[in-house]
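Trainee: Could you take me through one part of this model at close range? I would like to start with the overall layout and then settle on a single helix.

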Amino acid sequence: NPRLEWQTPKEHQHTLVGLLPREPVGRIVDAFQISHYGQVAANDRELVRLGQDWSALNEFLEEREREG
């Protein structure tokens with residue numbers, strides 16, 4: 001589901017409901033928006049959490065691919 005040109009990341013997030021785990025996607029989108037639009041860099045703790053969220057998404061996709 002590619003993001004439409006007019007959609008913000010948060011708006012696009014709603015199209016992913018049911019396709020990807022809600023919590024890690026939400027945290028990643030929120031962190032992106034804060035960093036990109038608010039120009040506030042994530043701290044070390046937030047970066048660790050984002051890494052965990054990214055890993056969780058990759059694990060979810062790998063599991064889904066194995067299930068076919």
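How many helices and how many strands are there in the protein chain, and what can you tell me about α3 and the contact of α2 with α3?

Mentor: Happy to! This is a predicted model, where local features need pLDDT of at least 70, side-chain atom pairs count only at pLDDT 80 or more, and totals for chains, interfaces and linings use all residues. Residues are numbered from 1 along each chain as its sequence is written, and side-chain values use heavy atoms, with hydrogens and water left out.

The protein chain has 3 helices and 0 strands (DSSP runs, H or I of at least four residues for helices and E of at least two for strands, numbered from the N terminus).

Now to α3, residues 44-67. Its 24 residues reach 35 Å from first C-alpha to last, close to the 34 Å expected (1.5 Å times one less than the number of residues). At its start, a side-chain oxygen of Asn43 comes to within 3.0 Å of the backbone nitrogen of Arg45. Just after α3, Gly68 has a positive phi of about 70°.

Its partner here is α2, residues 22-36: the two axes come within 9 Å and cross at roughly 135° (lines fitted to C-alpha atoms over the stretch in contact, with angles from 0 to 180 degrees between N-to-C directions). In contact (heavy atoms within 4.5 Å), Pro24, Val25, Arg27, Ile28 and Ala31 of α2 meet Arg49, Leu50, Asp53, Trp54 and Leu57 of α3. By class, that makes 7 nonpolar, no polar and 3 charged residues (Ala, Val, Leu, Ile, Met, Phe, Trp, Tyr, Cys and Pro are nonpolar, Asp, Glu, Lys and Arg charged, and the others, Gly among them, polar).

Technical notes
A polar contact is a pair of N or O atoms within 3.5 Å; within protein, one must be able to donate a hydrogen and the other to accept it, and residues adjacent in sequence count only if both atoms are side-chain atoms.
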